[in-house]
Amino acid sequence: MNGVEGYIYPNEITLYWSVLIVLYPYITGLVAGAFILASLVRVFNVKAVAPAYRLALLTALAFLLVAPLPLQLHLGHPERSPEMYFTPHATSAMAMFGFVYLWYLMAVLVFEIWLDYRRDIVLLSQSTTGWKRLLYRIMTLGSDNISPRSLVIDHKVGWIVTLVGIPSAFILHGYVGFIFGSLKANPWWNSPLMPVVFIFSAMVSGIAAVLLLYMGITKWRKMPIDMPCVDTTAMYLFYIFILDFSLEMLDLIHRVYEADESFRTLNFMVHTKLYFSQIVLQMCIGTLVPILLLGIVQVTKLPALIRKRIYVVAGCLVQVGVFAMRWNVVIGGQLFSKSFLGYTTYKMGLVSREGLLMAIFLTILPLGILWVLMKLLPPWPEKQHVPLPAATPAH
Amino acid sequence: MNLDRRHFLVMLPAAAIAWKYVLAGTPEASPNYTMTDHWWSMLIDIPKCIGCGNCVRACAAENDVPEGHFRTWVERYLVTDWHMESPEVISPDGGKEGFPAAAEEANGKYFFVPKLCNHCTNSPCTQVCPVGATFITPDGVVLVDQTYCLGCAYCVQACPYGCRYIHPEKKVADKCTLCYHRITKGLTTACCENCPTGARQLVDLKDPSDPIHAFLKTHYVQVLKPQMATGAKVFYNELDGSVR
Amino acid sequence: MSLTKDAGHLFRFAFLFVVAFAVFLVVRHFVVPKSFGEYGHYRGAAIGEIAARPLHYAGHETCETCHADILQMKKAGKHAGVNCEACHGPLANHAGDPSIQPAKLDTAVLCIRCHAASAAKPKNFPQVDADQHSGGIACETCHQPHSPAIQSGGTK
């Protein structure tokens with residue numbers, strides 16, 4: 001009955017962190033990863049990735065705007081969430097969310113995008129008409145100074161913002177890992193490696209997402225895919241993936257070797273309730289296969305068409321793997337009893353506030369936002385050198 | 001009998017006044033109660049527990065505990081021989097209606113373990129609350145401000161003992177208050193009041209005349225999951241090592 | 001200065017931040033409950049509100065102010081430590097208004113809750129297999145609940 005096996009404390013039957021809390025670290029992970037890819041161009045001077053730079057920034061923004069929604073929706077009292085800003089509890093990792101989020105959104109992403117697009121915004125505010133003109137005029141903040149000197153200043157400040165943005169992206173996602181890793185009550189979560197593993201898997205998922213988006217959108221625009229760009233991105237994806245995999249294995253080996261009081265229970269869970277999502281999806285399909293695919297590209301000389309197909313397959317598998325990892329952490333951590341004597345079952349709703357449909361909607365929503373952002377702020381440089389009067393933005 | 005009746009009639013107004021006094025006001029309003037004079041906790045005397053479920057029912061009636069959730073519950077352990085790592089534990093409906101009769105186990109022992117919030121001094125649940133909606137009072141009781149709680153359930157995840165839940169209607173964290181509305185009026189908790197064998201006793205560690213001090217001097221007690229270092233204040237007399 | 005002129009837009013952006021922060025501080029001043037932080041990082045008034053929740057169990061001291069006769073009877077017997085409401089149920093409403101009559105109790109249910117035989121109960125606790133013990137005769141036929149030992153007086 002109730003999907004309970006063995007003995008669990010009577011209050012443990014219900015899982016209070018649902019699929020939306022799975023989605024939340026997944027989405028923030030995409031943000032952090034996309035931003036790190038952008039910083040490769042800006043701070044580490046990886047010129048090859050430049051074609052995807054602006055797309056990476058807009059992707060990060062689109063997902064960041066959605067990131068608080070799953071949290072908000074899972075709260076028992078969403079209307080009270082401003083309390084997080086008004087009376088943040090200093091000892092709570094979760095209380096830092098509001099501030100880290102706002103900092104990252106406003107001081108890093110929006111500021112950097114604004115600096116990068118300022119010249120375009122000013123030009124667009126002069127070439128467009130109607131509500132668009134008004135919108136762009138607001139975005140200029142009333143300053144149409146695009147003198148070479150001001151753009152040089154923007155560039156320098158933008159570099160500093162990106163530099164600050166890298167640790168900020170790490171903090172944004174690292175603290176999500178800390179929320180789980182710092183709970184001593186839950187041995188499945190409790191690990192100092194948790195924030196690190198979260199950051200690296202975030203980079204993997206975010207870079208793969210931008211790679212997929214870049215290839216998809218470029219194909220849709222019927223433009224040639226910039227092969228050095230995708231090759232370089234895939235190379236970074238491969239190396240960071242190796243690091244991520246090593247860290248996850250380190251965590252696993254440590255747990256198996258240490259075999260503390262919770263080991264028997266967790267081991268049994270991984271071999272039963274979590275077998276499909278942990279062993280099959282996360283480890284095999286979502287990690288080993290894409291690493292192998294990306295590795296083959298690194299050591300062989302395959303034609304461009306094959307490489308592109310491999311990137312698409314690997315990119316999709318990475319998303320499956322990282323989502324499964326978030327699932328296994330969040331849901332897995334609530335399936336076993338803290339008495340280590342039994343298990344419960346997660347029953348996902350379909351149309352409820354925290355159900356499957358809402359989760360799907362929240363996954364698609366950032367793509368819609370990205371589409372709007374790309375309409376407003378075209379990320380493709382070749383289109384902007386000709387600011388025609390009454391120009392319709394790219395495609 | 002006549003005398004008793006007269007006695008009853010004489011006593012009635014006095015009782016009503018006493019009762020009004022009991023019902024009166026907040027701890028701040030009550031001159032007899034100073035928060036800093038108390039440090040509340042509980043003693044559970046395992047050999048005395050008969051698993052009747054009176055405490056669970058009393059708690060539910062006193063605190064309007066929602067069906068299927070528990071501020072206190074009773075577990076029945078069966079440990080066979082030396083197999084301390086795999087006890088057989090049951091708690092049907094939290095022990096609310098007692099336990100099924102058990103047959104003699106030749107090679108094992110049975111015992112009951114009442115559970116409740118440990119009102120930890122270094123409570124992991126209050127530590128993680130993002131807004132300060134749960135806290136430990138100056139008299140040592142971990143409470144939830146249900147008008148301020150977001151219902152994020154982080155505290156539920158952080159409690160090692162499974163003592164918290166999200167109230168299905170109020171959508172906020174809910175838990176044992178150690179009957180704060182009773183103990184601040186000089187009463188004991190509903191569970192202690194209704195325990196027929198005295199297996200549960202409210203204790204005030206700051207009160208030098210509390211029998212707990214004599215008890216601790218002569219008994220070997222334990223708290224649950226001491227490795228969690230939560231500063232748990234619910235002391236268990238003769239707690240078996242298999243209990244988790 | 002040309003620097004301030006060419007970096008002017010940055011100051012505009014920064015100004016937005018300052019305004020937003022100022023608005024935040026003002027709103028915060030009005031929104032945070034007055035008693036927040038009185039004792040710690042929480043709403044101090046919550047303690048009083050929780051302490052003022054209604055009682056359902058009056059407590060045996062309250063019962064005994066009127067029912068001293070029962071107290072006398074109980075004191076001598078085995079049930080001395082069993083408080084009134086453990087069997088009679090929550091009676092705060094009766095304590096506040098004695099005209100509210102508590103429900104009659106069914107000993108067939110009540111006694112067995114504690115005294116049904118089970119190997120899980122402490123060995124020194126009196127327990128019976130109800131069917132064998134009385135063959136269906138009501139418990140209070142022999143045992144006075146307030147003083148259950150038979151020699152202290154059954155009703156028949």
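In chain A, helix H2(A) packs its Tyr53(A), Arg54(A), Leu57(A), Leu58(A), Ala60(A), Leu61(A), Leu64(A) and Leu65(A) in contact with H5(A), contact meaning heavy atoms within 4.5 Å. On the H5(A) side, the partners are Tyr101(A), Tyr104(A), Leu105(A), Leu109(A), Val110(A), Glu112(A), Ile113(A), Asp116(A), Tyr117(A) and Asp120(A). By class, that makes 14 nonpolar, no polar and four charged residues, with Ala, Val, Leu, Ile, Met, Phe, Trp, Tyr, Cys and Pro taken as nonpolar, Asp, Glu, Lys and Arg as charged, and the others, Gly among them, as polar.

This is a predicted model, where local features need pLDDT of at least 70, side-chain atom pairs count only at pLDDT 80 or more, and totals for chains, interfaces and linings use all residues. Residues are numbered from 1 along each chain as its sequence is written, chains are lettered from A and ligands numbered from 1 in the order written, and side-chain values use heavy atoms, leaving out hydrogens and water.

Turning to the interface, 18 residues of chain C touch 22 of chain A. Together the two chains bury about 1700 Å², 72% of it on carbon and sulfur atoms; buried area is the accessible area (1.4 Å probe) that two parts lose on being put together, summed over both. Asp6(C), His9(C) and Phe13(C) bring 36% of what chain C buries against chain A, more than any other three residues.

Asp6(C) also pairs with Arg149(A) in a salt bridge, with the closest N and O atoms 3.4 Å apart. The rule (a side-chain nitrogen of Lys or Arg within 4 Å of a carboxyl oxygen of Asp or Glu) finds one such bridge across this interface.

Definitions and conventions
Helices (H or I, at least four residues) and strands (E, at least two) are DSSP runs, numbered from the N terminus.
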